[in-house]
Protein chains: 2
Amino acid sequence: MPVNLKLPTAADLFPVAGLELGIAEAGIRKANRKDVLVMRLAPGSTVSGVFTQNRFCAAPVMVCREHLKAKQEIRALVINTGNANAGTGETGLANARATCAELAGQLGIAPGQVLPFSTGVIMEQLPIDRLLAGLPKAVSALQADDWLSAAQAIMTTDTQPKAVSRQVQIGGHPVTITGICKGAGMIRPNMATMLGFIATDAKVSQHVLDAMIAKAADVSFNSVTVDGDTSTNDSFIVMATGQSQAPAITGLLTPEGKAFGAALNAVATELAQAIVRDGEGATKFITVRIEAGRDAEECRKVAYAIGHSPLVKTAFFASDPNLGRILAAVGYAGIADLDQTKIDLYLDDVLVAKDGGRNPGYREEDGQRVMKQAEITVRVVLGRGDAARTLWTCDFSHDYVSINADYRS
Amino acid sequence: MPVNLKLPTAADLFPVAGLELGIAEAGIRKANRKDVLVMRLAPGSTVSGVFTQNRFCAAPVMVCREHLKAKQEIRALVINTGNANAGTGETGLANARATCAELAGQLGIAPGQVLPFSTGVIMEQLPIDRLLAGLPKAVSALQADDWLSAAQAIMTTDTQPKAVSRQVQIGGHPVTITGICKGAGMIRPNMATMLGFIATDAKVSQHVLDAMIAKAADVSFNSVTVDGDTSTNDSFIVMATGQSQAPAITGLLTPEGKAFGAALNAVATELAQAIVRDGEGATKFITVRIEAGRDAEECRKVAYAIGHSPLVKTAFFASDPNLGRILAAVGYAGIADLDQTKIDLYLDDVLVAKDGGRNPGYREEDGQRVMKQAEITVRVVLGRGDAARTLWTCDFSHDYVSINADYRS
């Protein structure tokens, strides 16, 4: 069961002018489930993407990078679930290109104007015939107002669709930002997450969008982890159709740029947190906040050491304030000159450890009370500087083992 | 249930001349269990130690480092289970020193000649009165031939004692090497493991012993992982009493040095593997062999990425050849210029992936057959150079979650 994750309804999700969505059931892995999503963008849109740093990146990730680099105007995205098209060699690359070519033909655009995405099982060839046969169905279904179905069409082990939509005023005109994402396991995004797509009708110049997506990825998808496994297919895309009446956004620091950037970050962060709330087997939503570090990088290291420790994660699952495990993780995070006598540890407002040792005033029942909550903040004060970093993660339960021991069956 | 781990018997374990063992039940955490071990060394022994790189190292680790650095002749070790004396601040340090002082008084030696060790729960103060009260019992029990009880006395979540003993001929005379260790969780040793003690009656000069322990740790305890959690208390000690008739070992590359070093490495490796075989919840013993890397460090990174991946470990638990997860781990291991098209993956003798993609001749049933075995070798050929590295690890099961969700209760 996801942790405090609201199920989105179609009514919550604003359409984005200049973007249409088409969904089909192509039977990629299982019959009778939505597994192909096509997004069509109006001419004049700008698109930015960031992708996994996994060196074993999937074929569609390679093709996306090529197509974005070639700077043809991107006009369509095609996403399939059920198969990740990763670890598939030359055949996989040919299949990703064939998918772009086929969709381009149907839409009357060039193959280089299509970005392909895949998610699902690794190291099995994409059933390309079934995927290509599904494309006309998705194209004929294209319509503006189907974000909930789109979110459903990209799910794998997700237990519920993830979609967030907001409207903000930019220069006195409403601008819409609507996004979807998927992911529940193999989640330790490095530059992006499994699959995240955000669209807006704002008009945003390419260089501004490129800068904004990097920032948005940093504070959202690059700040969550479920199991520490960086996926082969992580992709995060922001699309701006420019069809709103709001003034164009041409800088990061203009009033419009700041307002839009903040809204984009908020949508991306809510989507990223949704992945953690629906993390495989998750029963707790944990915020790990590292403060008073020398720089953001060392705070990040400590946060991930805590967020990836199986011992810490199983203690959260058990609601057991076995909090020495958190100190141990801080200690092995890789800060060579860390002074343990400067470190304080809080669980929500409870001071658990002070100056590196158990706080004499700490009572087990206070820790126990916080550990029983569904949402918990772990705060570590390093006593070394002014930098801080926040990571969101979940616990480690029997269901995680069951889900991943049974995934392919 | 441990994976193919032979239960040692008292008859398997040779006593080491010049070393006596004393065991007591001090009720540190639970009543009626052996939880204090004293080792007394004859004058003229040499002792080397390596310790955790965790910056949150435990109080006894700090005291061990001090005492070894001061170069007084080490004459005794004292080990307790039930409490790790880690995350315990100044009080913890005072307790570790008090333990040394009390034992020194009873043995008629100086406190600086005692090395203290603790293992168990973190961030709770050592019940020092109970520990001190147990010392006279352990001292009065000192005898040469009690290695099996010693191995039992240092267990925590271990399901069985771990002890290895060998005799080798050095210069025509028998030399004995006997060692014990403990550990099943919080196992990702960095310079040493939770607790490992090896004693020999060989005569080994201090600088040779220091060099040999580094090598032995590298090929044994530093080459295993259970859950990736580097402990606060890792300590690995080698003691040489010099009471054998064999010629003194004064160099690493002399015939005697090579013979003794090889035997020491073998004993250390068998002990380290015992920890993995008895890893918390383990049902499989996995050898991860990385070959054709540019250097040992990058091979190590890839091996640990595979060995720590919860997705890989749960697939092994399920006997499911979901082997793309291994490729994904190789890809995120942190080798920036890794070329995926050069990589081959073997499961035992089965070629699963070739040149970064699924081997066309690979059949699922071949992978399935290997995955069902209790012992499996994953071999990744990076195609970048001549370096290699081996890591031993285990799978990730429901029992791991149960054990760590219930540890303190």
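This is a short tour of a predicted model, stop by stop.

Residues are numbered from 1 along each chain as its sequence is written, while chains are lettered from A and ligands numbered from 1 in the order in which they are written. Because the model is predicted, local features need pLDDT of at least 70 and side-chain atom pairs count only at pLDDT 80 or more, but totals for chains, interfaces and linings use all residues.

**Stop 1: both chains**

Two copies of a chain are related by a rotation about an axis and a shift along it. The same surface serves both copies, as 100% of the contact residues of chain B recur in chain A.

**Stop 2: where the chains touch**

How many residues does each chain put into the contact? Chain B gives 57 residues and chain A gives 58 residues. Two residues are in contact if their C-beta atoms, placed from the backbone, lie within 7 Å.

On chain B, select helix 2 (89-107), helix 8 (310-317), helix 9, strand 13 (357-358) and helix 11 (398-406); each supplies at least two residues of the side that touches chain A. Helices (H or I, at least four residues) and strands (E, at least two) are DSSP runs, numbered from the N terminus. Helix 9 of chain B gives the most to this side, with seven residues. By class, the side of chain B that touches chain A holds 25 nonpolar, 23 polar and nine charged residues. Ala, Val, Leu, Ile, Met, Phe, Trp, Tyr, Cys and Pro count as nonpolar, Asp, Glu, Lys and Arg as charged, and the others, Gly among them, as polar.

**Stop 3**

Axes are lines fitted to C-alpha atoms, for helices over the stretch in contact, and angles run from 0 to 180 degrees between N-to-C directions. Angles under 35 degrees count as roughly parallel, over 145 as roughly antiparallel, 65 to 115 as roughly perpendicular and the rest as oblique.

Which residues meet here? From helix 7 of chain B come B:Val302, B:Ala305 and B:Ile306, and from helix 9 of chain B come B:Ile326, B:Ala329 and B:Val330. The residues of this contact are six nonpolar, no polar and no charged.

**Stop 4: helices 2 and 3 of chain B**

Now select helix 2 of chain B again, with helix 3 of chain B (residues 128-140). Their axes come within 10 Å and cross at roughly 25°. That makes helix 2 of chain B roughly parallel to helix 3 of chain B. Among the residues of this contact are B:Leu103 and B:Leu107 of helix 2 of chain B, and B:Leu131 and B:Leu135 of helix 3 of chain B. By class, the contact has nine nonpolar, three polar and one charged residues.

**Stop 5: the domains of chain A**

Move to chain A and colour domain 1 (10-277) and domain 2 (285-406) separately. Domain bounds come from an automatic or database domain assignment. The C-alpha centres of the two domains of chain A lie 33 Å apart. Their contact takes ten residues from domain 1 of chain A and eleven residues from domain 2 of chain A.

On the domain 1 side, select strand 9 (224-225) and helix 6 (255-277) of chain A, the elements that give two or more residues. Helix 6 of chain A has the largest share, three residues. This side of domain 1 of chain A divides into three nonpolar, six polar and one charged.
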